[in-house]
Amino acid sequence: MARKIIIDTDPGQDDAVAILLALASPEDFEVLGIVAVAGNVTLAQNARNALKVVELSGRKDIAVYAGCERPMRRTLVTAEHVHGETGLDGPDLPLPKLKLEEQHGIDYLIETLLAHEEKTVTLACLGPLTNVAMAMVKEPRIIPRIQEIVLMGGGYFEMGNITPAAEFNIYVDPDAADVVMRSGVPITMVPLDVTHMMQSTKPRLERIRGLGNKAGAAVYDMLSFSERFDLKKYESEGAPLHDPCVMAYMLKPDLFQGRHINVEIETGSELTVGMTVADYWGVTNRPKNVNFLRSGNADGFYALLTERLARLP
Ligand code: BDR
Ligand code: CA
């Protein structure tokens with residue numbers, strides 16, 4: 001049976017690829033809805049980008065909501081330096097004809113989760129965790145309804161990408177991440193340790209372009225744009241590919257390896273705020289709250305991604 005998911009996202013080229021991967025896999029995912037959050041760029045722009053991606057996928061039945069326009073307690077930090085002014089620079093996608101739903105994303109999350117049985121809906125989180133944490137604070141009865149939260153965020157062995165200590169999604173709203181980590185919901189964390197292994201090398205991108213469909217061309221253009229920043233930064237043959245790993249983990253968990261450990265979020269220190277303090281070696285007695293992925297099979301991941309993108313228009 002297809003797994004029911006809600007995608008919480010700040011698209012972002014890599015978010016866009018993750019959304020396409022999910023929408024190309026209807027036998028595996030029943031996508032209940034998409035909720036945009038402020039992160040890579042502003043909420044309004046992220047929501048518009050989500051609509052563009054849904055249109056590109058041809059799945060016009062998918063509803064898109066806008067959630068929070070800023071983190072719980074802090075000023076929004078964005079990443080135009082990586083994703084471009086629109087957040088989705090690269091392909092020339094038409095302005096969306098689809099419209100945003102009127103309901104606030106937080107209320108959509110609450111209403112949808114309360115309408116489902118316990119542990120039946122998975123949240124696939126690709127951006128800062130503001131919407132999810134705010135929904136948990138507003139209506140704690142949603143917590144037992146969540147089957148699992150699979151999130152891209154954090155890093156331990158790889159450390160940070162926006163500061164030396166912190167990964168972007170967690171750094172933008174560490175208070176929200178802290179609420180989620182303490183919620184008791186089963187969490188799988190897909191950190192930089194994994195996503196940095198999934199390098200979008202030229203041959204891998206060429207295979208996606210070679211699919212000859214609109215989605216393949218758009219993904220090629222998106223990743224060719226966003227990778228220029230990382231190629232220079234890391235001097236590698238390909239850039240990390242983050243958010244699609246969330247969907248790939250749910251589709252093929254055997255592609256990834258990890259451990260069930262304690263992860264806590266630094267919310268106080270100015271120097272290391274947003275750090276995911278991962279007790280990978282079990283040196284504390286703190287409760288295990290996260291399935292922390294440490295590595296993944298890049299060839300298997302790109303084979304899966306390419307095969308699924310081939311199904312789209
Ligand atoms: C994360 O930050 C964003 O820029 C990406 O979309 C990804 O979710 C990687 O740190
Ligand atoms: Ca993202």
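**Aromatic pairs and their surroundings**

Tutor: The structure holds 8 aromatic pairs; rings of Phe, Tyr and Trp (its six-membered ring) pair if their centres lie within 6.5 Å, with planes under 30 degrees apart counted as stacked, over 60 as edge-to-face and the rest as tilted. This is a predicted model, in which local features need pLDDT of at least 70 and side-chain atom pairs count only at pLDDT 80 or more, while totals for chains, interfaces and linings use all residues. Residues are numbered from 1 along each chain as its sequence is written, chains are lettered from A and ligands numbered from 1 in the order in which they are written, and side-chain values use heavy atoms, leaving out hydrogens and water.

One of the pairs is formed by Tyr 65 and Tyr 108, stacked at 3.9 Å centre to centre with 15° between the planes. Because Tyr 65 belongs to strand E3 and Tyr 108 to helix H4, the pair ties together parts that are 43 residues apart in sequence. Helices (H or I, at least four residues) and strands (E, at least two) are DSSP runs, numbered from the N terminus. Tyr 65 and Tyr 108 are both buried; buried means under 20% relative accessible area, exposed over 50%, and partly exposed in between (1.4 Å probe, protein chains only).

Tyr 280 and Trp 281 form an edge-to-face pair, at 5.2 Å centre to centre and 80° between the planes. Tyr 280 is buried at a relative accessible area of 7%, whereas Trp 281, at 54%, counts as exposed. Together with Tyr 156, Phe 157 and Phe 292, Tyr 280 and Trp 281 make up one aromatic cluster.

Eight strands form an open sheet of mixed pairing, in the order E3-E2-E1-E4-E5-E6-E10-E7; two strands pair if DSSP finds at least two bridges between them. Strand E3 (64-66) and strand E7 (256-261) are the edge strands, each pairing on one side only. From one strand to the next the twist averages 25°, with axes being lines fitted to C-alpha atoms, for helices over the stretch in contact, and angles running from 0 to 180 degrees between N-to-C directions. Within the sheet, strand E4 (residues 121-125) and strand E5 (residues 146-152) pair in the parallel sense over 5 bridges, and Cys 125 stands opposite Leu 151 in E5.

Helix H4 (residues 105-114), the helix of Tyr 108, lies across strand E1 (3-9), strand E2 (29-36), E3, E4 and E5, and runs at about 150° to E2. Helix H5 (residues 130-138) also packs on the sheet. H5 touches E1, E2, E4 and E5, and its direction makes about 150° with that of E5.

Elsewhere, all 11 of the 11 residues of helix H1 (residues 13-23) are buried, so H1 is largely enclosed by the rest of the structure. Ala 18 is found in H1 and has 0% relative accessibility. Leaving aside neighbours within four places in sequence, Ala 18 is in contact with Leu 126, Asp 243, Pro 244 and Met 247, where contact means heavy atoms within 4.5 Å.
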